[in-house]
Amino acid sequence: MSRTGQWNMSADVARRIALGAQGFADVAPKGAVTKRHLKRAMGRMRVLQLDSIPVVIRTQYLTFHSRLGPYDPALLDRVAYKDDSWFEVWSHEASMLPVETEPLIRWTWDRAREGRTWKNLHEVSIREPNYVQSILDEVRDKGTVTGGTLEDPRPMPGDGSGWWHRSLGVMALDWLYRVGDLGVRRQGNFEKVFTPIENIIPAEIRALPTPTPEDALKHLLVQATQAVGVGTAKDIADYFRLSIREVRPVLAELVEDGRILPATVKGWDVPAFADPDAKTPRSITGATVLSPFDPVVWFRERAERIWGFEYRIEIYVPEAKRKYGYYVLPMMVDGDLVARLDVKTDRQADVLRIQSSHAEFGHDTLEMAGRVAEAIHDLAALVGVEGIEVSNNGSLAPNLRSTI
């Protein structure tokens, strides 16, 4: 039965609700991870952020691993790019959403066509409408096209920097993707393969009525609240990267309708909102690393509010100024963020390298190192390497080295 009224909760309850909403309390697969497990996890998350950096493994594969344990990453590719159960769209950065969500995204494509977003790409569409149409015609004629196989890619004018280092053809493809004419599949080294969107989104979904922007926004905010369990207005707006200015009045309407509950969380200095049907797991168990772009930590302000975990990915920080390392993964044990690991997959040496391991305050124990070691072995299984090497950098490293 759905909860009504205001929900007042402790910080610990809020943390467990947040992790339960993300699937961390679900029963782990007893055997091999299947498509059904991936789809269940996606049903919890609603959106999967993509990233091309393969320092450990591309982030989209790691996000499912954190919830399901080691699995064959090729399974994700089959669900996404062979079965077309999900589709790529710019939502929370470059992302994948279930194809059933497509009607709720159409208003964002309309905004792009109007020039309200992606202004550089919109300029191309205005300046070169015939050329952009020829690119769309080429993709429709061939069925699939990559930036490198265009018949007439054309160089862009300019000084070769910024947006202008790409060909006009690639800009046109990107524009057609941003307005929903083309969809994207991936091949090889994460290369984009463009195809008409109707090849990905089933006809029965494309035939559904287009919601008004207001209705679409309401549905997306309800989904976001279900995915966070409990969060602030900014947490909920960030989930699908929606404008907080537009979100606040719509959240108020959803609260009035009872579709979202007002909430307070002890220790939070801002109002919260909760899913009326959110469950409160008794506990969260298990040890796993998280992607830097996992929904649990992708909004850094939320990670700090819930776990006291200040997190910054330092790949763009000069090496001498890095505090924890190049590609640092948060380490979660029993629902708490207890450490951070700078990890690299060295495929040539067939080794997972833990280049530093820093414990959060009070967690630099031998027992905690044992739990972290469990997660590192699972990660090595996911990325498919035989060895693990732990450097002596970081407060957890001495205990971790003796445990691995």
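Predicted model: local features only at pLDDT ≥ 70, side-chain atom pairs only at ≥ 80, totals over all residues.
Trainee: Is the pair of Phe 64 and Trp 86 stacked, tilted or edge-to-face?
Mentor: The ring centres of Phe 64 and Trp 86 are 5.6 Å apart, with 5° between the planes. Planes under 30 degrees apart count as stacked. The pair of Phe 64 and Trp 86 is therefore stacked.

Trainee: Which elements hold Phe 64 and Trp 86, and how many residues apart are they?
Mentor: The pair links distant parts of the chain. Phe 64 belongs to helix α3 (residues 59-68) and Trp 86 to strand β3 (residues 86-91). Both Phe 64 and Trp 86 are buried.

Trainee: Why is the pair of Phe 309 and Tyr 311 tilted?
Mentor: Phe 309 and Tyr 311 are both buried. Planes under 30 degrees apart count as stacked and those over 60 as edge-to-face, with the rest as tilted. The centres of Phe 309 and Tyr 311 are 5.7 Å apart and the planes stand at 45°, so this pair is tilted.

Trainee: Which residues do ring pairs link into a cluster?
Mentor: The cluster is built from ring pairs. Its members are Tyr 239, Phe 240 and Trp 298.

Trainee: Over which ring does the charged end of Arg 178 sit?
Mentor: Arg 178 is part of helix α8 (residues 168-178). Leaving out residues up to four places away in sequence, Arg 178 touches Trp 90, Trp 109, Ala 112, Trp 118 and Leu 121. At 4.5 Å from the ring centre, the charged end of Arg 178 sits over Trp 90.

Trainee: Is Arg 178 buried or exposed?
Mentor: Buried means under 20% relative accessible area. The value for Arg 178 is 9%, so Arg 178 is buried.

Trainee: Which residue lies over the face of Trp 268?
Mentor: The distance to the ring centre of Trp 268 is 4.9 Å. The residue over this face is Arg 305.

Trainee: Which helices each supply at least two residues of the lining of the largest cavity?
Mentor: The structure holds three cavities of 30 Å³ or more, and the largest has about 50 Å³ of space. Its lining is made up of Ala 18, Gln 22, Ala 227, Val 228, Pro 295, Val 296, Arg 302 and Trp 307. The helices that each supply at least two of the lining residues are α10 (213-228) and α13 (300-307).

Trainee: What is the phi of Asp 84?
Mentor: Most residues other than glycine have a negative phi, and most peptide bonds are trans. Asp 84 stands in the loop between α4 (73-82) and β3. Asp 84 is not a glycine, yet its phi is positive, at about 55°.

Trainee: Is Asp 334 buried, exposed or partly exposed?
Mentor: Asp 334 also has a positive phi, of about 50°. Its place is in the loop between β11 (328-333) and β12 (336-346). Buried means under 20% relative accessible area and exposed over 50%. Asp 334 comes to 32%, so it is partly exposed.

Trainee: How far apart in space are Ala 373 and Ser 402?
Mentor: Ala 373 is in helix α14. Neighbours within four places aside, Ala 373 is in contact with Leu 400, Thr 403 and Ile 404. Ala 373 and Ser 402 are 29 residues apart in sequence, and their C-alpha to C-alpha distance is 9.9 Å.

Terms used. Residues numbered from 1 in each chain as written. Heavy atoms only, no water. Phe/Tyr/Trp six-rings, centres within 6.5 Å; stacked < 30°, edge-to-face > 60°. Helix = DSSP H or I, 4+ residues; strand = E, 2+ residues; numbered from the N terminus. Buried < 20%, exposed > 50% of the residue type's maximum accessible area, 1.4 Å probe, protein only. Lys NZ or Arg CZ within 6 Å of the ring centre and 35° of its normal. 1 Å grid on protein atoms, 1.4 Å probe; cavity = no way out; pocket = protein on both sides within 12 Å on 5 of 7 lines; lining within 4 Å. Points joined across faces, edges and corners; volume = space filled by probe spheres on them. Contact = heavy atoms within 4.5 Å.
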